[in-house]
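Biologist: I would like to learn how to read a model of this kind, one feature at a time. Could we go through it together?

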Amino acid sequence: MRHIISILIENEAGALSRVAGLFSARGYNIESLTVAPTDDVTLSRMTLVTRGSDDVIEQIVKQLNKLIDVVKLTDLADVVHVERELMLIKVQTEPSSRAEIKRMADIFRGKVIDVTSNSYMIEMTGSSEKLDAFVAAISTHNIIEIVRTGATGLPRGAGSLIPG
């Protein structure tokens with residue numbers, strides 16, 4: 001099962017390395033990882049996507065909680081949450097296909113952010129499933145390049161990992 005683990009971690013050198021090392025040492029895979037500072041410059045929010053059985057995820061959470069840098073964490077699979085992913089996709093265009101590609105981007109609420117004589121770059125946010133569906137829908141065209149951030153998310157409601 002897919003899990004999104006949201007971690008509040010000390011914003012200091014080596015913290016990311018220790019989390020990655022924990023996964024590597026135990027043979028667990030990280031599907032995606034995003035890290036950015038919070039409004040408190042001493043803390044960062046790490047969002048990690050992984051897959052595993054309930055027992056494996058329980059072990060991952062226990063091991064992460066033992067790391068000195070980890071302030072607090074939550075498995076978003078356990079709570080109602082909102083998740084999003086960002087994708088940039090560059091598609092080769094011909095004069096005859098430009099309108100269709102633009103229409104597909106509009107249907108999926110994407111935005112054309114760069115136009116050249118033979119390509120569009122489209123920005124899109126949404127669930128991983130939505131982005132996968134767009135890639136599948138547009139796959140009849142020549143996709144030049146795709147880059148995705150991986151999932152990030154927050155629990156719904158007023159609660160927060162950040163103390164205070």
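Biologist: Does Asp-69 count as buried or exposed?

Modeller: Please keep in mind throughout that this is a predicted model. A residue is called buried when its relative accessible area is under 20%, and because Asp-69 has a relative accessibility of 4%, Asp-69 counts as buried.

Biologist: Where does Asp-69 lie, and which residues does Asp-69 touch?

Modeller: Asp-69 is found in the loop between α2 (54–66) and β4. If residues up to four places away in sequence are not counted, Asp-69 is in touch with Leu-8, Ile-9, Glu-10, Glu-12, Ala-15 and Arg-18.

Biologist: In which order do the strands of the open sheet follow one another?

Modeller: A sheet is read from strand to strand across its pairings, and here four strands give the order β2-β3-β1-β4, with antiparallel pairing. Since β2 (32–37) and β4 (70–75) each have a single partner strand, they stand at the edges, and one side of each is therefore left without a neighbour in the sheet. On average, and with direction ignored, neighbouring strands of this sheet are turned by 15° against each other.

Biologist: How many bridges join β2 to β3, and what packs on the sheet?

Modeller: The antiparallel strands β2 and β3 (residues 43–51) are joined by six bridges, and Leu-33 stands opposite Leu-48 in β3. Helix α1 (residues 15–26) packs on the sheet, where it touches β1 (2–10), β2 and β3, and the direction of α1 makes about 15° with that of β3.

Biologist: Which residues have the most contacts inside the largest nonpolar core?

Modeller: For a core, one looks at its members and then at the elements they come from. The largest nonpolar core has 16 residues, and those with the most contacts inside it are Ile-5, Ile-7, Ile-9, Val-19, Phe-23, Leu-64 and Leu-73. Two or more residues are given to this core by each of β1, α1, β3, α2 and β4. Leu-64, with its neighbours within four places in sequence left aside, is in contact with Ile-5, Ile-7, Val-19, Leu-22, Phe-23, Val-70 and Leu-73. There is also a second, separate core of 14 residues, which includes Met-87, Tyr-120, Ile-122 and Val-135.

Notes: Residues are numbered from 1 along each chain as its sequence is written. This is a predicted model: local features need pLDDT of at least 70, side-chain atom pairs count only at pLDDT 80 or more; totals for chains, interfaces and linings use all residues. Side-chain values use heavy atoms; hydrogens and water are left out. Two strands pair if DSSP finds at least two bridges between them. Axes are lines fitted to C-alpha atoms, for helices over the stretch in contact, and angles run from 0 to 180 degrees between N-to-C directions. Contact means heavy atoms within 4.5 Å. Buried means under 20% relative accessible area, exposed over 50%, partly exposed in between (1.4 Å probe, protein chains only). A nonpolar core is a set of buried Ala, Val, Leu, Ile, Met, Phe, Trp, Tyr and Cys residues joined through side-chain atoms within 4.5 Å.
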